[in-house]
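Here is my notebook from a pass through this structure.

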Amino acid sequence: MKLGFLFISIRDLKSKKLRTVITIVGIAGIITSYLVMMAAANTMHDLVDASFSAYEYRLFVLKRGKEDPMVGQLPEWYVDKIREKVNPDYIDGVSGFLWWMVDNSTKDEDDAEFQTIRGLQVESYKSVIEKYEMIAGEELSDAQEDRNYCMIGINIAEKFGKTVGDKITLQNHAFTIKGIFSTSTMIDSEIWLTMRDAQNLVGKLHKVSIIIVKVKEQDYVDEIRKQIEDNLRGVAVFEADEYMEANAEALDSFRGVIFAISMIALFAAVLGMMNTMTMTLRERRHDIAVMKAVGVSNKSVALIYSVEALLLGFLGGIVGVILGFLMLNVFGVSNIELAGYLISVDLTYQLAFESVIISTILGLIGGFYPIAKISRQRALDILQKFG
Amino acid sequence: MKSISNDLNVIEADDIWKVYKRGKTDVKALRGVNFRVREGEIVAIMGPSGCGKTTLLNIIGGLDTPTKGNIRVNEIELSNLGESKLTKFRRENIGFVFQFYNLLPNLTALENVQLPLIAQGIPKKERFEKAKDFLQAVGLSDRLYHKPGELSGGEQQRVAIARAIAVQPSIVLADEPTGDLDTKTGEEIMGLLRKINEMGQTIIIVTHDDMIAATADRIIKLRDGKIIENSSS
C-alpha cells in the first residue's frame with residue numbers, strides 16, 4: 001500500500017467538480033439534520049437532568065394511578081395534612097403546585113401556542129424551589145395582592161419580547177408580569193401564577209397537581225415517605241430520581257424516535273455515498289485496470305478510492321456542521337417548542353466533532369463495497385470488459 | 001551495438017493452452033504454444049485477428065494465466081501464481097505499451113510516468129528525477145506537465161513508453177504500439193523501442209504490420225492459436 005498514490009484521490013475529486021460538490025452538499029444536508037436532531041435530543045436530556053437534579057432530597061407526592069402532574073390532581077388540603085402529619089424536624093418545607101398547559105390567546109386561534117403554567121402557593125413555594133434567580137422585577141409573594149400578576153421564565157421573556165410591567169394573555173385573561181426568573185432548566189419556559197389564579201384559569205379549584213416535600217437529609221427520606229403514605233389515601237410518593245425513572249420511558253421513546261430518524265437519514269447518506277462511489281469507479285475502471293497492469297497493488301487501488309470516499313465524507317461533515325451552526329445560531333432555529341417547553345438547542349463542540357467523524361465513517365462505509373469489488377477484479381477482466 | 005544472449009532464455013513457454021468459456025462453448029485461444037525468447041531479442045508476434053496474439057502477450061506479461069502448460073519469465077513460473085504475486089511480477093519485470101496508450105487522463109505526463117515508480121516505493125524526489133529523465137529520453141522534456149488530452153497520439157505513446165521503461169524492466173511488451181499512429185510517427189516510436197532494446201531490454205511486439213515485424217530479430221506467426229512459423233527475420 002503506497003501513500004504516494006494519494007494525490008490521485010484529490011486529482012479525481014477535482015476533475016469531477018460538480019459531482020464532488022453535489023455529493024458533499026447531499027451528505028452535508030443529512031449531517032445537518034442529524035446534528036440538529038441530536039442537539040435537540042441532547043439538550044432535552046440535559047435539561048430534564050438539570051431540572052430533576054435541582055430537586056435533590058425532594059419527595060414528589062402525586063395522585064396514585066395518574067402520576068403525570070398534567071393528568072392527575074390531589075386536593076389542595078393534602079398540603080396542610082402533610083405539614084400536620086410528618087415530623088417537622090425532618091423537613092425544610094412543603095408546597096403544592098398546579099401544572100397545566102394553557103393556550104396563549106394573544107394570537108389568532110389557529111396560531112395559538114400552548115404554554116406551561118404553574119400555580120404557586122406563594123407563601124411556601126420558595127421552601128422547595130431554591131435554584132432560581134430573579135433576572136428582573138420581583139417574585140410573587142402575596143396570594144391576594146399578586147392576583148392577576150405572574151412571573152415568567154427567561155425563555156418566555158425572550159420568545160415574546162416581554163419585560164416587567166408588560167401584560168401576557170392566557171386564555172383571554174391578561175396577567176401583568178411582576179418578575180422574570182432564570183433556572184437554566186426547562187422551568188425557564190414556564191409562567192408562574194398564584195395558585196388561585198391558576199386554579200381559576202384551568203377550572204381546577206382547590207386542586208394541586210403535585211406536592212413537593214423537601215427533606216432535610218437523605219436519611220429521613222424513607223421515614224417521611226412512609227408517614228405521607230400512611231396518612232394520605234390515593235397518593236404515590238417518589239424521590240426525584242425515581243420519578244425521573246418513571247418518566248424515562250417517555251423520554252427514551254422521544255430519543256428513540258429521534259435516533260431512528262437519524263439512522264434513516266444516515267442510511268440514506270450511506271446509499272448516496274455508495275451510489276457516488278459506484279459511479280466514480282465505473283468511470284475510473286479503465287484507469288484502475290491500467291494502474292493494476294503497471295503493477296499497482298489491489299491495496300493501493302483500494303486506498304486511493306477509500307481516501308476519495310473518506311474525503312467526501314469528511315468535507316460533507318464539515319459543511320454539515322457549518323450549516324447546522326448557521327441554522328441554529330444565524331437563522332434562529334435554535335428555539336424549539338416541545339410539550340409547552342421552549343428548548344434552546346445548543347450545538348456542542350463534542351457533537352460537531354462526532355458528526356464529522358460519523359460523516360467520515362459514512363463515506364468509508366458507502367465506498368467500501370464498490371471499492372472492494374473493483375479492487376479485487378483482475379486488470380485484464382476490466383480491460384476486456386470495458387476496453 | 002546490441003547483444004543477444006545465446007544461452008539465457010528470458011521467456012520459456014511450454015505447451016500453453018488458453019480456453020475461454022463463452023456461454024456453453026469453449027473457445028480455444030491458444031492450443032499448445034511452445035517457444036523461447038532470449039535476453040535482448042526483439043520478437044514480433046504476428047497473425048490474423050483472433051489468432052491469440054494478445055492472449056499470448058497477456059500470459060507473458062502476467063495479466064492472464066494459461067489454462068494448461070507452463071510459462072517461465074525471468075525464471076519465474078507464472079502459471080500457478082496468485083493475483084497479488086502476478087501484480088508484483090509485473091511491477092518488477094514487465095513494461096507494457098498499449099495500442100491506445102492507456103494513460104491516466106487526470107495526471108500529467110510526469111505523473112503518469114511516476115506511477116510504476118510509486119508502486120515500487122521509490123522516494124518522491126528520486127522518482128520525480130527519474131520520470132523527468134525518461135520523458136527527456138523520449139523527447140518530451142517540454143511536455144512534462146501536459147495531460148494526455150493536451151498531447152498528440154505520438155506524444156502520448158512516447159509517454160506510455162517512458163512509463164513502460166521507468167522501472168527499467170527486463171522485458172517490454174508492446175501490443176500494436178503503432179496501430180493508432182500515422183506511418184511517420186509509427187517509425188519514430190519503433191525507433192524508440194529499438195533504442196530501448198539496444199540498452200539490453202527484451203522486446204515483444206504484437207503487430208499486423210510487416211514493416212515493423214521486419215525490424216524484429218525474430219517473427220512468431222500464429223494462426224488459430226498455434227504457432228505456424230517461428231523464424232529469424
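The entries below go from the ground rules to each chain, then a sheet, then the interface.

**Ground rules.** I am working with a predicted model, where local features need pLDDT of at least 70, side-chain atom pairs count only at pLDDT 80 or more, and totals for chains, interfaces and linings use all residues. Residues are numbered from 1 along each chain as its sequence is written, while chains are lettered from A and ligands numbered from 1 in the order in which they are written.

**Chain A.** I looked up the secondary structure and found 10 helices and 14 strands in chain A. Both are DSSP runs numbered from the N terminus: helices are H or I with at least four residues, strands are E with at least two. Of its 387 residues, 42% count as buried (20 or more other C-beta atoms within 10 Å of the residue's own, with C-beta atoms placed from the backbone). I then checked contacts, meaning C-beta atoms, placed from the backbone, within 7 Å. In chain A, 81% of the contacts with a separation of 6 or more link residues 24 or more positions apart.

Domain 1 of chain A takes in 3-49 + 249-386, and domain 2 takes in 65-233; such bounds come from an automatic or database domain assignment. I get 47 Å between the C-alpha centres of these two domains.

**Chain B.** Here I count seven helices and 10 strands. The buried share is 49% of 233 residues, and residues 24 or more positions apart make up 68% of the contacts with a separation of 6 or more. Along the principal axes, the C-alpha atoms fill a box of roughly 50 × 40 × 40 Å. The radius of gyration of chain B is 17 Å, which agrees with the value near 17 Å for a compact globule of 233 residues (taken over C-alpha atoms; the rule is 2.2 Å times the number of residues to the power 0.38).

**A sheet in chain B.** I traced four strands in an open, antiparallel sheet, ordered β2-β1-β4-β5; strands pair if DSSP finds at least two bridges between them. β2 (25-38) and β5 (76-77) of chain B each have a single partner strand, so one side of each lacks a neighbour in the sheet. Between β1 (residues 9-22) and β2 of chain B I find 11 bridges. B:Val19 stands opposite B:Lys28 in β2(B).

**Interface.** How many residues of chain B are in contact with chain A? The tally is 20 residues of chain B against 20 of chain A. On the chain B side, α2 (83-93) and α3 (109-119) are the elements that give two or more residues, and α2(B) gives the most, with five.

Methods
A residue is buried if 20 or more other C-beta atoms lie within 10 Å of its own, exposed if 12 or fewer, and partly exposed in between; C-beta atoms are placed from the backbone. Two residues are in contact if their C-beta atoms, placed from the backbone, lie within 7 Å.
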